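Hi everyone, thanks for coming. Let's take a few minutes to get to know a new structure together.

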Amino acid sequence: MRLLFSIGAVLVAGILAGGDVAGLAAPGPKLDPPKQQPQRLAADRDAQTVDVELILAVDVSYSMDMDELAIQREGYAQAIQSKEFLQALKLGPNGRIAVTYFEWAASTDQKIIIPWRLVDGPETADAVAAEIMKTPIRRASRTSISGAISFAMPLFDEDPYRGLRRVIDISGDGPNNNGGPVTVARDAALEKGIVINGLPIMVKEPSYSTMDIDNLDYYYEDCVVGGPGAFVIAIKDRDKFKEAIRTKLLMEVAGRVPDRPLMRVADKDKEPRVNCMIGEKIWSDRWGR
């Protein structure tokens, strides 16, 4: 399913309109000290529970120009600080999420920009946004979505918080052309109960020099994303870049899902509309390897 950005403000309003805010459980009766230990352990577990563990995996390959990279950084920072995001945060049963942010390019090139951080209100949101913006922008060669997914999966084991949902959020402007097949990495994540959402960036005309493809949104739908409620938001207008990032984060934090499932998720027997090895083929045709 394609989500296009004539819907921006409407979608934001819809996300914030229907959520229920979970009430806090009433405190239990006062017990003698020896009997309070299980209660304290339960409270500790509750303090470590978040609504979602969210991994933001951001493409910094050379096909992204410096302006796009800057807008992308600003988009994530501004989205996390936005009033809409903070309101969506309150809709969850715990009112907090854990987030980590890393940049990726080739299969062996991933760099964590923000280690796991708790976001539970304006102060922690501002701190994460500041961390995102202070890191120098970089670019690197190749595009390995499979490498990004494989790098992301064990990060959940390192998270000190435990989420009701685990989500990998992949943004990128081209198909996988390095590392293992993207479908293998995707399926390994889905087997672990991880949801993968996608933000294909389609603001430039496809070019042989940058190894872009037509219908990158179809590629993401059929080859990259998956899991319950998985969605793809395609950015086709540079001016809508930041709005798209904000809407994507709102949907993930509020746990909203598309009105209808993606084709690949709904009917796994259907053939993908796009060759999931197209990036590897383009690279091989171009460089002979």
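Let me start with a question: which residues in helix 3 meet which residues in helix 5?

First, a word of care: what you see is a predicted model. The protein chain is built with 12 helices and 7 strands. It has 289 residues, and 50% of them count as buried. The chain exposes about 13400 Å², with carbon and sulfur atoms supplying 54% of that. If you take the contacts with a separation of 6 or more, 82% of them come from residues 24 or more positions apart.

Now back to my question. On the helix 3 side we have Arg73, Glu74, Tyr76, Ala77, Ile80 and Gln81, and they meet Ala125, Asp126, Val128, Ala129, Ile132 and Met133 in helix 5. Sorted by class, that contact has 8 nonpolar, 1 polar and 3 charged residues.

How do the two helices lie? In general, two packed helices are described by the angle between their axes and the distance between the axes. Here helix 3 and helix 5, which covers residues 122-134, pack at about 175° with their axes 8 Å apart. So helix 3 is roughly antiparallel to helix 5.

Helix 3, residues 66-81, has another partner: helix 4, residues 83-91. Their axes come within 5 Å and cross at roughly 55°, so these two are oblique to each other. Helix 3 brings Ala79, Ile80 and Gln81 to this contact, while helix 4 brings Lys83, Phe85 and Leu86. By class, we find 4 nonpolar, 1 polar and 1 charged residues there. Do look at Ile80 and Gln81 on your screens: they take part in the contact with helix 4 and also in the one with helix 5.

Let's finish with the sulfur atoms. How many disulfides does the structure hold? The count is 1, and it joins Cys223 to Cys276, with an S to S distance of 2.0 Å.

Note on methods:
Residues numbered from 1 in each chain as written. Predicted model: local features only at pLDDT ≥ 70, side-chain atom pairs only at ≥ 80, totals over all residues. Heavy atoms only, no water. Disulfide = S-S within 2.5 Å. Helix = DSSP H or I, 4+ residues; strand = E, 2+ residues; numbered from the N terminus. Buried < 20%, exposed > 50% of the residue type's maximum accessible area, 1.4 Å probe, protein only. Contact = heavy atoms within 4.5 Å. Areas by Shrake-Rupley, 256 points an atom, 1.4 Å probe, with all protein chains shown as cover. Axes fitted to C-alpha atoms, helices over the stretch in contact; angles between N-to-C directions. Parallel < 35°, antiparallel > 145°, perpendicular 65-115°, else oblique. Nonpolar A, V, L, I, M, F, W, Y, C, P; charged D, E, K, R; others polar.
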